[in-house]
Amino acid sequence: MTKKAIAVRARCSAKDPIRNWLVLAVAAGLIGPAPVLAQEGINKSATLSFSGTPGHVEMPSARSLPDATLGATISNFSGFHRTTLGFQITPRLSVAFRYSNLKGYFKPGEDFFDRSVDLQYRLIDEGTWRPAVAVGLRDIGGTGFLASEYVVATKAFGDRVDASLGLGWGRLGTNNGFRNPLSVFGDSFDNRVSDVGFGGNFSVDQWFRGDAALFAGINWRATDKLTLSVEYSSDDYRVEDASGAIDYRSPLNFGVQYHLNNTVTLGGYYAYGSAIGASATILFNPKTPVSGGSILGAPPPVLVRSADVTSWGAGAVTSDADALNMRVALATELAKNGLILEGLAIDGQTARVQLRNPTYDSETTAIGRTARIMTRVLPAGVERFEIVPTVRGLRTTRVTVLRSDLERLENDPDGVRLSYAAAEITDAAPAFSTTAIQVQPRFSWGIAPYVETTLFDPDSPLRADFGAELSASYDVAPGLILSGAAQVKLFGNRSNSDRAPNSVLPRVRSDTLLYAREGASGIDYLTLDYFARPGANLYSRVTLGYLESMFGGASAEVLWKPVNSRLALGVEVNYARQRDFDRLFGFQDYDVVTGHASAYYAFGNGFEGSLDVGRYLAGDVGATLSVARTFGNGWRVGAFATKTNISAAEFGEGSFDKGLTLSVPLSWFLGQPSQRTISGVIRPITRDGGARLDVRNRLYGLVNEYHDPELSDQWGQFWR
Amino acid sequence: MRSTMFAGLMALTLAACGTEASNPASQVVRGVVGLIQSGPKAPLPGPDDLLTRDVIDQVTVPYAMVGIERRGAYASMTLAGQNGPFNSWVTSDSAGVIMRGDIVTATKGLGADLAAADVTGIAEAVRANRAATLRREHRYLDGEGRVFGVTYDCTYAPAGAEEITIIGRTYDTDVMTETCVAGDERFENRYWTGRGDGIVWQSRQWVSNGVGPILFLNLVPIAN
């Protein structure tokens, strides 16, 4: 049902396989006992409930996890499974995504799998006498089976006791429910119409409606490792009780949690007077690398010029031979630091360097090291360094630093702030003179394992194929790149499903199963890309070939992004034709012209949003709204939703396309620089509406890391 | 569960091969990782295992040794660069220590490095061998690569005379302690200054919570 959800693609050196095992051993050792969340906060502030959100046993509390914490909880009681992924979006706002079985909801003894989303916002912080207060929505926009809302107040009593009292609606208003106190605002609050549909509808008009009920809970941190909970639940499980899925006898629930370490918690529960359950929770924070931070070798120190300015001379590059020697010397020193020189032009007191960074996950490290190496190689008369990093031949930015500033600030306690203030960051559109550029044709290849998963098939929520992917890339000329990847499936069970697609739209995504069966091994992509800078602040891409695993054709994109602008605008037009299921060279009949106008905005503190408006693969027209939080170390957690002009009924289950995106930099685990990331898209369900072409190398993602505000955010790494 | 999954993904990723990541920097880094990760099973070579006085006596350039106390790892260092009062020392596997006079202001390649420090007046206070109070400002990078600062209040106190031996040579030294406090954080540095020559032959200086203290052995002092 669901297409490729998590793809793992990465490469590394083949020359020394032992090294890989060594690094792996190091990484595994680090992952094991590492105190991922060293802050006391996690233990003191919130214990996660059975539902994987801060709370007691089943009832919520007003606590929040430390900012940016990611948590995963698996629980089971009396046959009710819940798998929850939670994220503390901001210090006050948290979200949780849950996959659960509604045991016996419709038919006794039959499971119904449901996906739901919770939000909680902490309105009031705890004071000396005042409790913390939070408001929450459970199962917003889902099928509505679990829909409930609550307001909860939580107060700590001493160091070890946390007590909550709350008012719930919906499912949380079923035990000893009473007339909705909000009815003072009108009788409409009295009635709640259970609206169970395709899912994906936000039944705002039902929120906080119908009967309300009180719930309460206490957590007692008996020891540093052990938390005991008791609660009075306001969910009476009447449907499940009627179907025999649970024998409801009492609203009192009891729980015990054992905190193995700051990362892992195990729990046991006795719920509703008859059921026992268990849970496991793992918490970690993108802000806190497992590895404790990446380790780089010592940078080349700034070579300070003699104090006698008259000895410096002018540019001092007088002949072509001089220029060539200098280029060779600079290329050699850069290569020692994992950087590739593409061009050097010296004009009087200004030296302009164009380079590529295949090594450091932080672009500012590459820029900072290049600047220091320039002090060691270039004649003393050169004062102004213009550094132009490229990505796939695109000159992304021009960072200008003065050599005297480097000499002055290398060891300054405020060197990071002062060097950023002294640097000029400008557009790098104008090309070097052709003689100064010597981009070597470059061939690279890799073999890497891959994982393709199919998630949330009710018959088997996790299916996966494992195999090997061979990829290769050849830079024909600056910006002109031929690249491809082929996959060979070794083993897996993605093709075992027998669920036929039931889409009424062109099957642009729902034929996953046919691709998994006939094209488990095949060509993932094979394209010729041309990247260019058509003008100031403009970037362009043209891609021809087999664009992605299901479509081939042509794609053209233009992006407008000034280096210091929070806003970027882009346009992309594609002609796409559906590929054969065997993922070889053939095409099917279906073709479409698809494309979008896009706006991207960086709100600051790592929060980004984008809006794409246009025509999707099935010919439907609409818009995609995406939000993401990017961390300085490369972690990215995001969500998106697409609504097009097809009805919820035409779309089918889920009503519209939405999902989560997750990107994890490998350096976060390894403790050494790496540009590799593990990324994935998790969709509750993949259908044909609102489906976008999955073309590689979209421009915004290539250049924004080299622009402000990302560059200023990363400047701490300049002196590394 | 999740860590197992990630470990699994990583295992897969690391089993990869190709041309893409073969670069000298990663080899350099590997050496440093090796230095840092060396397990406790076999004791690592100490200063006396790595060098003899005969070897040191033949060295004519500034020469030093650094030890990471918690890891029991030592390596010799040469001078990679000088910028005003700052000296950049580097080991053969590219770990680095930057010092202002005798005071560590930054470390490189040790993991939780000290990014920079304001140590104004401290070298002078140590040499004066008298009680004093000063302020020390450290800069670190957090898990997202952003700078944060910690300001320590430090007190300096003479701790008597001590005879120390560094790789076969004995020194009569005056010992100074530096006790620094910032909130719950607290560390103690020690400096062993040669009587008569005024050279700090040995010091034990705090780097960070992740690295702990390093031991700096001044084998061939910088002439000035």
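In the predicted model, 27 residues of domain 2 of chain A are in contact with 28 residues of domain 3 of chain A. These two domains belong to a division of chain A into domain 1 (36–284), domain 2 (309–439) and domain 3 (440–477 + 479–711), and the C-alpha centres of domain 2 and domain 3 lie 34 Å apart. Between them, domain 2 and domain 3 bury about 2400 Å², of which 56% is on carbon and sulfur atoms. Of the area that domain 2 buries against domain 3, 27% is supplied by Glu363(A), Arg392(A) and Leu394(A), more than by any other three residues.

Polar interactions also cross this interface, where 2 salt bridges are found and 11 residue pairs are in polar contact. The side chains of Asp427(A) and Arg533(A) meet in a salt bridge, with an N to O distance of 2.7 Å. On the side of domain 2 that touches domain 3, at least two residues each come from helix H5 (363–377), strand E16 (384–391), strand E17 (394–395) and strand E19 (424–426) of chain A, and H5(A) gives the most, with 3 residues. By class, this side of domain 2 has 13 nonpolar, 8 polar and 6 charged residues.

Elsewhere in chain A, Arg209(A) is found in the loop between strand E8 (161–170) and strand E9 (212–221). Arg209(A) counts as buried because its relative accessible area, 18%, is under 20%. Leaving aside residues up to four places away in sequence, Arg209(A) touches Glu149(A), Trp169(A), Gly170(A), Asn180(A), Ser188(A), Phe189(A), Asn191(A) and Arg192(A).

Conventions. Residues are numbered from 1 along each chain as its sequence is written. Chains are lettered from A and ligands numbered from 1 in the order in which they are written. This is a predicted model: local features need pLDDT of at least 70, side-chain atom pairs count only at pLDDT 80 or more; totals for chains, interfaces and linings use all residues. Side-chain values use heavy atoms; hydrogens and water are left out. Helices (H or I, at least four residues) and strands (E, at least two) are DSSP runs, numbered from the N terminus. Buried means under 20% relative accessible area, exposed over 50%, partly exposed in between (1.4 Å probe, protein chains only). Contact means heavy atoms within 4.5 Å. Domain bounds come from an automatic or database domain assignment. Buried area is the accessible area (1.4 Å probe) that two parts lose on being put together, summed over both. A salt bridge is a side-chain nitrogen of Lys or Arg within 4 Å of a carboxyl oxygen of Asp or Glu. A polar contact is a pair of N or O atoms within 3.5 Å; within protein, one must be able to donate a hydrogen and the other to accept it, and residues adjacent in sequence count only if both atoms are side-chain atoms. Ala, Val, Leu, Ile, Met, Phe, Trp, Tyr, Cys and Pro count as nonpolar, Asp, Glu, Lys and Arg as charged, and the others, Gly among them, as polar.
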